[in-house]
Amino acid sequence: MGRRPTTGRGRKAAAAARAAPIYPDRQLTKMPPFKDEHILLIAPGSQMTLAQLGLPETFTPARFRFPTRMFPAQKEGEYEPYRIRERRNEVKISNGNGAPKETPKEDVEMKDAEFAGQDGAANKPEGEGADGAEKPQETTQVIEEVLYEEDVTTEEGAVYPIQDGRIVDWPCFYALLTHIYNALSPPFHTPILMIAQPVWSARDREAITQFIFEKFKVPGFSLIDSALAACYGYGVQTATVIDVGKSKVDVTAVTDFAVNEHGRGIALQGCGGDAMTDRLLELLGPRGFTREMCEQLKRSNITEIVPPGTPLPGAAATARQGSNPATAATTGVDGNDSAPRGPGEGTQTGTETNGEEDEGVLDVAAIVSGNTTEYLANMEKDKSAKKGSAADPRSKLPNNKKEKAAFQFEEFVPMEEESAAGGAKRYTRHNREIEVGVERFLLTSPSQQTGDRLSSGILEDIATQVHHTILAVPDATKRSELWDSLIIVGCGSKVRGFTQALLGVITQKFILSPSATIFTSEIPSTFSTPLPTGGTNTPALMGQGQPGPMYHPAAHGVNPLLVAATHNNPGMMPGTPGMDPNVASQHYRSSGHSQTPTSAKTLRLPEYFPDFKDQGNSNAPGASAGPSGASQGGHGTEEACFLGAQMAAKVFFVLDQGLTKGYMSRVEYNDNGPSAIHEFTL
Amino acid sequence: MNPSNPPQAGEYGGDEVSAIVLDPGYSTTRAGFAGEDAPKSLIPTYYGKYNADGQEKLIYGDDIFVTPRPGLSIHNPIGKDGIVEDWDMAEKVWEYSFTSRLTGAKASNPLHNGLNDISNEELPTDMEVESDEKPLADSPLLMTEAGWNPVKAREKTIEIAMEKWGTPAFYLARNGVLAAFAAGKASALVVDIGASNISITPVHDGMILKRGVQHSPLGGDYISSQIRALFKKNSPQPITITPHYLISSKTAVEAGQPPQAKYKTFPADKAPDATYRALLEERTLSEFKECVVQVWPGPNKLSATGPTGVSNEEMARSSPGRPFEFPDGYNQLFGADRFRVVESLFDAKAAIPDPDSIFPAPTQAQTLPELIKASLGGVDVDIRPHLLNNVVVTGASSLLYGFTDRLNHELMQLFPGPRVRISAPGNTAERRFGSWIGGSILASLGTFHQMWISKKEYDEHGANIVEKRCK
């Protein structure tokens, strides 16, 4: 299982010895309170697993991001977190680099005990959520390791234990959990809260519960459904959560903090970020783009999803066919010149870090202390100023008006010169500029190779699923609110314009016209809602007050005021938790309920979490393309699940200490076995 | 299922092993753990079949509603009368219902993925060592069946459960009885309005009274066919339902105006089958049922004259209409018609004739009041008042607005003597999953343990044991 002894062990043993006499045979009545700084949060995902030990004063994005993959160790059945290459080499580099979730090449490395010990270092908000902001923390360390060196350039042979949210390789998944646990090295009295993927079956949850209790001997454990966690993060009790992941999408309707299992869209395949990359590859592949290039293009700030019906800049008609020769990919400046210039590329993975040009090195201190985006924007400005000639008037245009744009492609290139260590093959990150045409706007367009699906693009699939999910909610009066409380999370949704485009598709396909809703519930009646069991208010008596006009809608023009009323009634205060603006109108429905949706809106993340503010929905901060890049921050972040998990952990473990059965304690586990976890999970 | 240090025998044991309750219906299949208040897994019993890359593929679950596939056709393993027709597929659909959300698919079962291969004494290796490849090896299974399920089908069911799924214990219960349990009654007259059938089941002391079981096909699907008939006759123009998957965008139009939508077209060799379209039309129809359709609440039939001398039809007309917008944007107000489509559940003469419908025109004997009459006629005179005092209404189609009011009026008219009391849970889930909830209650009762048919008993006595034990 790839465990190694850590110094944390010793500390834990000491803690165990200390703790043992304090809690002999403690009964369930009252758990000792947990401390904020002891709580361990783990959020497994198909691509990245987020983890954090301790709840900070103000909740921050996850402190650690581990790629959700392991490499088979030499011994059968065991796994190593790093790809190890055999070498005659005595040095190894650790760059404790908080890789943003969507960078597969980045490896989170932590020399287990040492790194986890220094909480102070880890306190910095890492990885501003997008590529460009990834700030290299050069915690270079030299470690005595003979013969083996890490190979960061390839993921060949990696085992991905989670695919489409499903755990497909349990030993590997367990090894990953163990690696994370050891890396963070929590003290003895650490409860764990894990964000559960919706696709995990009841048995899966039991297996995880069992593993956590047996292996880590935790005093408490809880699973929180990812959709519910997102609702916690947004502080709402009713919402539709759309989680756009790597290769799947989950759509969940949450009403009154309860997940509606029926009709839930679980692990909708072919809709995640990978599908967008695939589409780009399909468009640009003939042009010599590799998948890695497409992946980076997708993450670059020039890629954008335009709302349906928006004309593309330039020769859009031909570009749609992918045949515009003018947009042929051009390789930019020679690598050696441009390599250190791009945002965030300063990290060298070679042994020494002094081989960099000054201008390419991001001042980590400046980023950490100051305003990151501003800093990066300035960097960006300097850079474009230096380019000089490139500053033609077109660059003033917003990105979505430009026919062509370039992005920095970053790749590993072997370093030529001999290193001091001798024999070790070293790599440098190497940037070059690649220009693409309007293909960058087409990443959600329907794919040519649809495989076995008659899909019309991922947005439409997601929209259809949202419609299906909300329609399946049994409490029909909640549906309107669900449409007005869309929460879009997951890194797949980070591509610029995703939210707007999805709302556009929903509007096109599902929003009801005013004339279909105008005559419904908004007309007040003096009768209250009849009970389903049959109250005394028979509908036959109703409507006596409004005869005539209501009955012949076609004969009358639609009153514009009423139209306005219909359209404004839901979500007057978006983001206000617990408010249901429809209560009044639903209360007066004459029979049954009215059709939905009359509108669809997304919720806004509460503003009191500054660290979560600027991340959402823009591929990269420091966007070069002017105004549209800067004004993207309004929408909530894609990692609201993790924020919600922090809140949930605070509530479950600290505030109510198990009174609301928010977590399962060790005692309860011993009494009831893993299957009892279902009584505790949310 | 055991923690590493096994607890004492008395601490937890059989009671804690949660049985799985499987309630297969015509339209949906419900599955979940006993003791919970709603089934965790709710899937359509329909499944999709299509060809891709030269081989036949099957899809289950909600997926069939969301993503169209080339040449996709929709099938149902269960016949119109609620009895399984295609056993192979029924087995697969049912299996999906519990593997998808409850037990995990076979492939991802932790036991078969090398967890036990790890030589780590910290990990419990005694966990279900005896389990083999079968999906239900560690869960007892309680299944439900219709009251008129033939012996052969019952035997086949236990055979699948025991041999294909490897369940250690099995029981087959009548869904009528379970719905009565869910309502907290041991004796009741259960009125179940399902998708393909409506049925009346008299239950006395937890036993089904077989002679009193009545059923007819006037369920939710029949109501859908009536709505379609209504749409066909609609003026100014007949309404066609175009499901969402055929529409790329719609434009708002005035009520009654022809739709202006951009339609999607599929190449002929890729277009989904007509059955797929029918399934998705059904989705729109159920939305229509939820939003528009209403049962004339009574008293008396819709065609009768009310106490004030005004005909009920007039009354219905004067009530405000309900608007409905179709996926293509067409929208219209529905007035008295919305009462008419369900009227034939109570009054066969009120049926909207439609020669193309797969449902023949209903006879009066198939209507709800007649069924109830026939059912009570089949049971002992002495218990009739007791049954009428405990009428349990269940089934999703009973959620039609005004249904219980009307049923109440009809029963009071039919049986003026004894007190009629209808018990219909107001909670949507309780109404929809009545028989599942009853099964959940039953299987979690401590006293039920002696009722299970164990694998050993099955091996000894063969499939026919289900006839002896599950009465």
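This is a predicted model: local features need pLDDT of at least 70, side-chain atom pairs count only at pLDDT 80 or more; totals for chains, interfaces and linings use all residues.
**View 1. Helices α5(B) and α6(B) pack at an angle of about 90 degrees, with their axes 10 Å apart.** On the side of α5(B), the contact is made by Ile223(B), Ser224(B) and Ile227(B). On the side of α6(B), Glu282(B), Leu285(B), Phe288(B) and Lys289(B) take part. Sorted by class, the contact has four nonpolar residues, one polar residue and two charged ones.

View 2. Apart from residues up to four places away in sequence, Asp221(B) touches Ala195(B) and Ser196(B). Asn197(B) is 24 residues from Asp221(B) in sequence, and the C-alpha atoms of Asp221(B) and Asn197(B) are 8.4 Å apart in space.

**View 3. Helices α9(B) and α11(B) pack at an angle of about 50 degrees.** Helix α9(B) covers residues 368-377 and helix α11(B) residues 403-414, and their axes are 10 Å apart. That angle makes α9(B) oblique to α11(B). The crossing of α9(B) past α11(B) is right-handed. In the contact, Leu368(B), Pro369(B), Ile372(B) and Lys373(B) of α9(B) meet Leu407(B), Glu410(B), Leu411(B) and Leu414(B) of α11(B). Six residues of this contact are nonpolar, none is polar and two are charged.

**View 4. Helices α13(A) and α15(A) pack with their axes 9 Å apart.** Chain A, to which both helices belong, has 21 helices and 20 strands. Helix α13(A) spans residues 458-471, helix α15(A) spans residues 498-509, and the angle between them is about 60 degrees. This makes α13(A) oblique to α15(A). Helix α13(A) passes α15(A) in a right-handed crossing. From α13(A), the contact takes in Leu459(A), Glu460(A), Ile462(A), Ala463(A) and Val466(A). From α15(A), it takes in Ala501(A), Leu502(A), Val505(A), Ile506(A) and Lys509(A). Eight nonpolar and two charged residues make up the contact of α13(A) with α15(A), with no polar residue.

**View 5. Ile487(A) and Ala645(A) have the most contacts inside the largest nonpolar core.** This core has 252 residues. Helix α4 of chain A, residues 170-184, gives the most to the core, with eleven residues. Leaving aside neighbours within four places in sequence, Ile487(A) is in contact with residues including Ala230(A), Tyr234(A), Ala239(A), Thr240(A), Val241(A) and Ile242(A). Thr602(A), Leu603(A) and Ala640(A) are also among the contacts of Ile487(A). In chain A, 55% of the 682 residues count as buried. Of the chain A contacts between residues at least 6 apart in sequence, 77% join residues at least 24 apart.

**View 6. Helix α6(A), residues 226-234, is mostly covered.** Nine of its nine residues are buried. They are Ser226(A), Ala227(A), Leu228(A), Ala229(A), Ala230(A), Cys231(A), Tyr232(A), Gly233(A) and Tyr234(A). Among them, Ala230(A) and Tyr234(A) are in contact with Ile487(A). Just after the helix, Gly235(A) has a positive phi of about 70 degrees.

**View 7. Asp164(A) and its loop lie between strands β8 and β9 of chain A.** Strand β8 covers residues 162-163 and strand β9 residues 166-167. Asp164(A) is not a glycine, yet its phi is positive, at about 55 degrees. Asp164(A) is buried, as 21 other C-beta atoms lie within 10 Å.

**View 8. Phe257(A) is found in the loop between strands β13 and β14 of chain A.** Strand β13 covers residues 248-255 and strand β14 residues 258-259. Although it is not a glycine, Phe257(A) has a positive phi of about 60 degrees. With 13 C-beta neighbours inside 10 Å, Phe257(A) counts as partly exposed.

**View 9. A cis peptide bond joins Thr596(A) to Pro597(A).** The omega of this bond is near -5 degrees. Pro597(A) belongs to the loop between helices α18 (583-587) and α19 (627-630) of chain A.

Note on methods. Residues are numbered from 1 along each chain as its sequence is written. Chains are lettered from A and ligands numbered from 1 in the order in which they are written. Two residues are in contact if their C-beta atoms, placed from the backbone, lie within 7 Å. A residue is buried if 20 or more other C-beta atoms lie within 10 Å of its own, exposed if 12 or fewer, and partly exposed in between; C-beta atoms are placed from the backbone. Helices (H or I, at least four residues) and strands (E, at least two) are DSSP runs, numbered from the N terminus. A nonpolar core is a set of buried Ala, Val, Leu, Ile, Met, Phe, Trp, Tyr and Cys residues joined through C-beta atoms within 7 Å. Axes are lines fitted to C-alpha atoms, for helices over the stretch in contact, and angles run from 0 to 180 degrees between N-to-C directions. Angles under 35 degrees count as roughly parallel, over 145 as roughly antiparallel, 65 to 115 as roughly perpendicular and the rest as oblique. A crossing is left-handed if the near helix is turned anticlockwise from the far one by less than a right angle, and right-handed if clockwise. Ala, Val, Leu, Ile, Met, Phe, Trp, Tyr, Cys and Pro count as nonpolar, Asp, Glu, Lys and Arg as charged, and the others, Gly among them, as polar.
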